[in-house]
Structures are given as structure tokens and as C-alpha cells.
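Colleague: I have the sequence and the structure open beside me, and I would like to go through how the parts pack together. Could you take my questions one at a time?

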Amino acid sequence: MNAFLDSIGYGHWILHVLLVIPLLGIPAIFLVPVRNARWVALGVALVELVLGLGLWWAFDPANPGLQFVTDVPWIGGFGIGYRVGIDGISLMMVLLSVVTMPLVVWGSWSAIDQKQRGFYILLLALKTGMLGVFISLDLFLFYMFWELLLIPMYFVIGMWGSSNRLYAATKFVIYTFVGSALMLISIVWMMWTVGKATGEYSFAYTHLLANAKAMQPYGPYLFGAFALAFAVKVPLFPFHTWLPDAHTEAPTAGSVELAAILLKMGTYGFLRFAIPFFPVFALSKTTGNVMAALAVIGIVYAALVAMVQPDLKRLVAYSSVSHLGFVMLGIWGSTVESVQGAMVVMIAHGLSTGALFFMIGMLYERRHTRKIADFGGLARVAPMLATAFAITTFASIGLPGLNGFIGEFLVLIGSFTRYPWLVAVAATAVVFSACYMLWSTQRVFFNRFTNPLNEGIGDLNVRELAVLVPLILGMFWMGLYPGPILRRTEGAVRRYVEMVSPSLPPSDSTRSSFGAQP
Amino acid sequence: MLIDLSTPGGAVLGLLPELALTAWALVILLVIAWRHTTVADTRLVGQLSIVGYVLAAGAAGWLGLQGAHAEGLNLMIALDGFRFVSDILLLWIGAAVTVISLRWLERQGMLAPEYYVLLMLATVGMMLLAGAADMITLFLGLEVMSISVYVLAGYDRSRRASAEAALKYFLIGAFASGFLLYGIALTYGAAGQFIFSLIGGQLAATPPTLMAKLGMGLLLVGFAFKVAAVPFHAWAPDVYEGAPTPVTAFMASGVKAAAFLALARILAEVFPAFVELWRPVVGGLAIATILVGNLTALAQTSLKRMLAYSAIAHAGYLLLAIWAQSDSGTAAVLIYLLAYGLTTVAAFGILASIERTGTETVRLADLEGLYSTRPLAATGLSVCMLSLLGFPGTFGFIGKWLLLSSALSQGEWLLPLVAMIGSGISIGYYLPVVLAMVMKPAPNPTAHDTIRFPRPATVAIACCVFVILVLGFWPNPVLNFASRQAVQLRHTAVVIAPR
């Protein structure tokens, strides 16, 4: 495989091609008749998938640094370049993005019956934005992609969402835009500070990272600005209130993209930018305790809130907050195990929550309701859907053998040395999540069949199976044999931990972490 | 090209852009003398006047390409890249406003071709104001501009709001001119000079006197009135709302741009020695302007009024770059004025076409469902809103970034912080416009049937929107150009007079 990829110069063009192909799809959608718009989107998505999957082999797991790097001037006089590249962390995010893309198009196939052209154009634009965020190695470029993403998402929620969509879309944009406003100041300030110290004025990620020492006097403020932008996106506990609204009101495709990719941009931002630039402040005892505590509050609080939601989609939305709390805890655990765990939770959450949103969308298409109380005993009329939902539920609550378990387990053991008490509290959420997920599954699919309206809803059709089967296979694969994924992220994660660990305060606990150095 | 401004030939050459436009305006007045009765006459005059802008811009471009500079001092008028760029910017605004007025006047039943002549004369005034190298020229330019715009603001005689706007603008304008004139007089008293670079040299060489400080303070107040900086902004919303929409576009982009260009030049050339003194004042004005402008804009339902408050907020952002007092700051002023001018003209152009004949203003509710009947207009206005918001991918973002960058490069964080907070607030009034147009249904199927987009205006607006997007992704040419011209301003400023 590698020889073949080399022979076509794969590494030289793949990232640019991934960025450009969705944009090329946009005029194509304008040119074809409206009813064919979804076919064009599907074609683009499949091309992206096929091309993107090559990264799995072309990526060199032994190299912990950035690969496929390109650096050409863009606004050259001001130190801005088109600088892209990936390491193991961004590799997984890029793969997750290209994998979800055809599924999202498939999942919207019949649900989106009006203004199809606009919808698929926005989906394609969204994809370029997401990939751009994950591969940017220039802070200016990163900021552009980060903000540009808001526009397609805004319209996807606001035009194709359910009844309260305008409120949800506005809230989403205002939260994210205001949250990242200060990040721009931070980025420009970093450019000037490092520029004055080194004489080279540049927004290049590697340049700023190499000279991060020059920024340390302003570390708390600069980190604060980055952290605000990323914490809103994750979302970390007090900044999470936009998420249930946006998730609930968005069309299925929007919810899936939000859950699978957009939320990960926040945690990715912490791993890529906020912590490596300012490790001394970010990982200091106080900041670390506050962030880890917020993460754990989010885990437990969101799990408790999820339990009482009457709306199935809102329930899953709150479960996202809870899962992302695990990612944040893992990142602040700052051991190889915990960060690897965070990576796995990010991917696993993308698959399982994505699948849950797809299935809720399928239920909604059939019954035009998401209220748990309107369902009951669906397993009798839709056995395949019930099976898929049950498997995904188990994956989501972290049953061993499915994907949720590996990540949460790694996070908990990896973070234990630094935050033993918080980890103990976070572990209780595993129980809560079992409660809310299993309880809702029971109420929707099992229990007594009471509502005669549910009689004729029909089971999954071929298209819906095509959406769900890859996701479920992925859940099993990650749960049973996560080695290939862990191997690819390990280099980058280990490098990250080595980079930030000198800044870690000495740990309280006398115990050493499992499998780590004595 | 070396120009000796003390000879008549040199003066004509140095003033070529202004003279060309003035001469053309007089020619057009002659045309009007026997063609002033029908719709076709008004239209003809409008079309003819565009030639004048092209001629003048050609002259300014030619002087710029020749590298025209003065032999010895800049007497009365500056000869540097900054002035030629300013000229082209202002001429472009004048021409664009003329184009969006072309059919609009006829639809609104205003058949008086003198409108276009007034626009041209106002543009001449703006060019003199922005290019002045001498206090007398400065005042002359200011008055030529202001008097023409007073008349333009009241041009819609059938509407009381328009007359009220003109009167208000005239009273406040006269007041501001008074401040400015006192400032000029006191500065002259302190320095004994009218020429900018000589005053600058004189003030730098002697310890600051109270008279000089007072002169500077009064000049700043006069300019704060003209650019509508808080607390001297109260006239702006009423005037912007009452004036005919194309005139509002002209005031919001052109008059403001000319005042800012002049302010940048005065602070760089006349008062560089007092930088520690005026910086806190400009910074304070910027903070107040950004916060008050943005917060008040949130509460508006009339779009013209909302854009008036947003124009106040943008004046606050621009003060950031003035505050920076550096090459990058001056370049940021040029870029931001270009971005803001493009966006404002396009936005008001679209609003003018949406306006129903005889109605007072366009409200937010009038835009609902515009996307379903007029997708291109709705898209254009959405792009304008995003550009005003400073959203990446539009030219407005490049401008905003340069403003922030120019202040941050001086190690200042408070002003950029306030600017970004203001920008965060502003999403609260720009976004509802997009939301109303794209996501809300039209109140009734015939709601937008009265909208007429005349072809010339459509072309002009489409060009603006296209340029906003292209420069949002590829700003290199204008960035490099503006940086080069901005450096020239500072280099003329360091001339020290022998005394």
C-alpha cells in the first residue's frame, strides 16, 4: 500500500486535495438539477473518504512529529502562510471527519426534502472548514477556519432545524463567536511578542511553539483567551448551555457533525495550542485543579441532567457534555495513558454519539416526535433498530468489548496519580451513564407497547443500515482491537506529554501510574 | 516628479485631481442650465458626472505613479502617496454613491440634477480636507464638503425627516467648525505657522505651551464631531436616518473617511511632539465610542439607524489605529476605510433599493423572507453584515485584524480588548439582519414586490460584494500598497523647520 501511495506522490498533495474537493463540489451542486444535489454531495464525500483513508497507511507511526507539512506564503508581508500538516492527533480527527461525511449525506437522504441544494452546499463547506481546523499549522489560518465554520453550521441549524431553531442557531453562533473573540487578540499578541524576541514576525505554529518562552510573562492572559474559546466549543461545564439547544434543534446531519467533529475541535485546540504554548500556567496546580474539577463537574452534572430529560435528543446532547468531560480530565491528567485515553474517547464518542443521533433522526422521520414517552416496545416492530440502538447504548456507557470502555478506562487510570479524588468522583458517572442510557433504551424499545401510533413505523431500510453498520463495526473494532489506533496516536501523544511534563508540578500522590516510569 | 508648488504651473499640477473634478462640476452646471426638466435630464447629468470622477482619479493615479513630490515644503497641499491614495478612495466613494443614486432619485420623485453636482463638490471638499498640508486648506476643504452635504441631507424636500436632518446637521456642523477654527487659531498663535510640517517642527522644538495644547484639544473636538465619536455623536443617528439613503451612504463612508484621513495626517505631522498628551484622549474616545455605539445599536429596529450607530462604533475601531501612531496604524486606517467604505456603500445601496417609495425607513421586519424572493440581494446584504462584523473570509476581517495588530504591536492590550468586546456585542445586531432575511418566512407573498434593483446600482453593489470577498481571502495587493503609502506619510512628518 505504501509503495503505491508513494508512487503517486500521495503525501505531497493529499491535504490540499482534501481541503479543495468539497469546495469544488459546491459549483457542481449548482450545475446539476436540484434532485441530484445529494448525489453530488455523496460522490464528493466518497471521493474524500477514499482519498482520506490513504492517510491511515501513508502516515508513519514511528515519526512523532508533523508529517505532510506544506509551508507557502499567503499574506507573506505579515508572516501569514498556508501552513498545513498533521501528526497522530490530527490524523485521527481528519479520518473521523472523512468517515462521517458520507454517512451524514446518507443520513440526510430523505430527511432533507426542501432547499436541498443549499443544504448540501453547506455540508460541503462545513467539511472544508473542519478539515482546515485540524490541519492548520498557522494560527491565522486556524482562526479563519475556526470562525468560517460557524456560518454553514448556523444556516444548517437555522434553516433545517426543528421548531425552536432560530433561537438555537443564534445562541450557538453568539456563544462561539464571543468565546473566540479574545483568541484573535491572543494570537496577534503572540505574533508580536515572539517577533520582537526573535526578529521573525510569523504566525507559524512551529515558530511560535519553539519560542514559547518569550510569551511566558503573559501566559495567564493568553492561555485564558485560548481556553475561553476552546472551553465554549468543548463545552466545558459552565459554558455548555448552548449545546443542548443546538443539538436538539439541529437536523440530524447537524447534530452528528456537531457531536462527532465540532466538539472535538475544542479539545483538539487544548492539545494542539493552548497547553503546549503555555504549559507552565496551564498545568500549574491551581489551573490544573480548576480545569479538572470543571471537567468532573461536567461529567457528573450532565449525567444527572441527562437522566431527567423527556426528549431523547436532549438526553444524548447532555451525555455528550459528560463524555467530553472525560476528554478534558484525560488531557489534564497529562500522562501518556490519560491523553491516549482522551484521544480514544474523542473518536469513540464520535462514532457512538453519531450513531445515536442518526437513530434518533430515523425515529423522528417515522414518528415526528422525540419524546421518550411517545415510544415504548419498539423492539417488536423495529427489531433491527432496537438492536443497533442497544449496541450503541452499550458502547456509549462503556461496556468492555465496545469502544467506550477503552477510552474511559485509560483516562481514569492515567489521571489517577494527579487527581485521585476527582477520578473517584468521575468514575461514579459511569454508573449514572448506564442509568440514563439503559433506562431510556428500555422506555423506547422495550417496556410495554402502548402507543398504537408506533404500529406501522417499519424497521431499518437498506440506506439506514448502510449508515449504521459501519459505525457499529467501528465500535466493535475499537473495543476489541484498538491497537492500530493507539499505535498511530502514541508517537504524537508521547511527544506532547514529554513537551509539557517538565512544567507539571510534583504530584501529591506517592503512587506511580500504571505502566509509567517509576 | 518634482513639483514646485510656489509657481502657478506647479500649483495647477499639484492640484490636478481637485481641479479636474471642480472643472467638470462646472461644466455639468452649464449642462444643467438648459437640461433640467425631465427624468432623462437627471439621468444624463448623473451619468456625465461619473466621467468627472474617472478623470480626477486618473489625475491622482498619474501623479502617484509619477512619484510626485514637492520641491522643498508641501505648501498648502500635500504631495505624497498618502494623499493620492486618499483621493482615489474618496473619488471611488463619490462615484459609487452617484451610481446607486442614478435611478433611485427618479423613483423617489426627486428630479433636480444639481444633486450630482453637489456630490462632486462635496468630493472635492473631502479631497482637499484629506490632502491638506496647511490649516487654511484644511478648513477650506472642510467647509466645501460640509456645506454641500448639508444641502444633500435635506434634498428630499417632501419629507420632514430630511429637512430636520439637514437643519440638525447644519447646526452641529457649524458648531464643530467653530471648534475647529478656534483650534486652528490657537495653534497658529502658539506656532506662528499654518503649514503642517512647520507647526510640527516648531512645537517639537519648544516646550509645550498652554495655547498649543488648547489648540490641539479644540481641533480634536472638532474632528470628533465630524467623525461622530462619543460623546460628540448625538447628531449622527437622526441625520443618517433622515437623509436620503444614498446620501447617508455618502456621509457614513465618504465624510467619515475624509475626516479620519485628515485626522491621521494632522496627528502625524502637526502634533507628533504631543503624542503622550493626545494618546489618552484618543484612547478614551475610542473606548467610549466603541461601547456606546455598539450597545445602542442593539436596541434599534430601523436599519438606517442601526447602521448609523454601527458607523459610530466603527469610528471607535478606527481611533485605535490613529492611537497607534505608527506606519502599521496608518496603513490600517487606509485598509479599514477601504473595507468599511466598500461595505457601507454596498449595504446602503441594497437598502435604498429595498426602500418603498415614500416610506420613512426600512425596518428589520421589512427584510423578512427576502432570501426567498431576492436571493442575491439577501446574500449581498449578508456578506455586508458579516464584513461589518469583521468575520473571517471578508475584507472587514482583514481591516479589523490590522487595527488590532497596530495597537497590539505597541504593547497595548486594553484598547484591542474593548474593540473585541465591542465586536462581540455587534454580532447581536448584525446577525438578526441575516436571520430575518434568510431564515424567517415573508409576512405575505407580495411583501417584496416593490423592490426594484436598477441595473447600474446592481452592478456597483455586486462589484463591491465581490471585492469584499476576494480581498477577504487575498488582500496582498492592497495590503502591500497601503503599507508603502503609509510610510510616505510618516516620512513627510519628520521634516523639522529651521527656525
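Colleague: How are α12(A) and α22(A) oriented to each other, roughly parallel or roughly perpendicular?

Modeller: Bear in mind that this is a predicted model. In it, helix α12 (residues 252–277) of chain A packs against helix α22 (residues 483–500) of chain A at an angle of about 15°, and their axes are 10 Å apart. Angles under 35 degrees count as roughly parallel, and therefore α12(A) and α22(A) are roughly parallel.

Colleague: Which residues of α22(A) are met by Leu271(A), Ile275(A) and Pro276(A), and what is the handedness of the crossing of α12(A) and α22(A)?

Modeller: Leu271(A), Ile275(A) and Pro276(A) belong to α12(A), and across from them in α22(A) are Tyr496(A), Met499(A) and Val500(A). As for the handedness, the crossing of these two helices, α12(A) and α22(A), is left-handed.

Colleague: Which helix gives the most to the side of domain 1 of chain A that touches domain 2 of chain A?

Modeller: The domain assignment divides chain A into domain 1 (1–280) and domain 2 (283–518), and their C-alpha centres lie 22 Å apart. Where these domains meet, 41 residues of domain 1 of chain A are in contact with 48 residues of domain 2 of chain A. On the domain 1 side, at least two residues each come from α4 (88–107), α11 (242–249), α12 and α13 (279–282) of chain A. The helix that gives the most, with 12 residues, is α12(A).

Colleague: Which element gives the most to the side of chain B that touches chain A?

Modeller: Between the chains, 25 residues of chain B are in contact with 23 residues of chain A. The elements of chain B that give two or more residues to this side are α17 (395–408), α18 (414–438) and α20 (476–493). The one that gives the most, with 10 residues, is α18(B).

Colleague: Which residues does Ile335(B) touch, not counting residues up to four places away in sequence?

Modeller: Leaving aside residues up to four places away in sequence, Ile335(B) touches Ile398(B), Gly399(B), Leu402(B), Val478(B), Leu479(B) and Ala482(B).

Definitions and conventions
Residues are numbered from 1 along each chain as its sequence is written. Chains are lettered from A and ligands numbered from 1 in the order in which they are written. This is a predicted model: local features need pLDDT of at least 70, side-chain atom pairs count only at pLDDT 80 or more; totals for chains, interfaces and linings use all residues. Two residues are in contact if their C-beta atoms, placed from the backbone, lie within 7 Å. Axes are lines fitted to C-alpha atoms, for helices over the stretch in contact, and angles run from 0 to 180 degrees between N-to-C directions. Helices (H or I, at least four residues) and strands (E, at least two) are DSSP runs, numbered from the N terminus. Angles under 35 degrees count as roughly parallel, over 145 as roughly antiparallel, 65 to 115 as roughly perpendicular and the rest as oblique. A crossing is left-handed if the near helix is turned anticlockwise from the far one by less than a right angle, and right-handed if clockwise. Domain bounds come from an automatic or database domain assignment.
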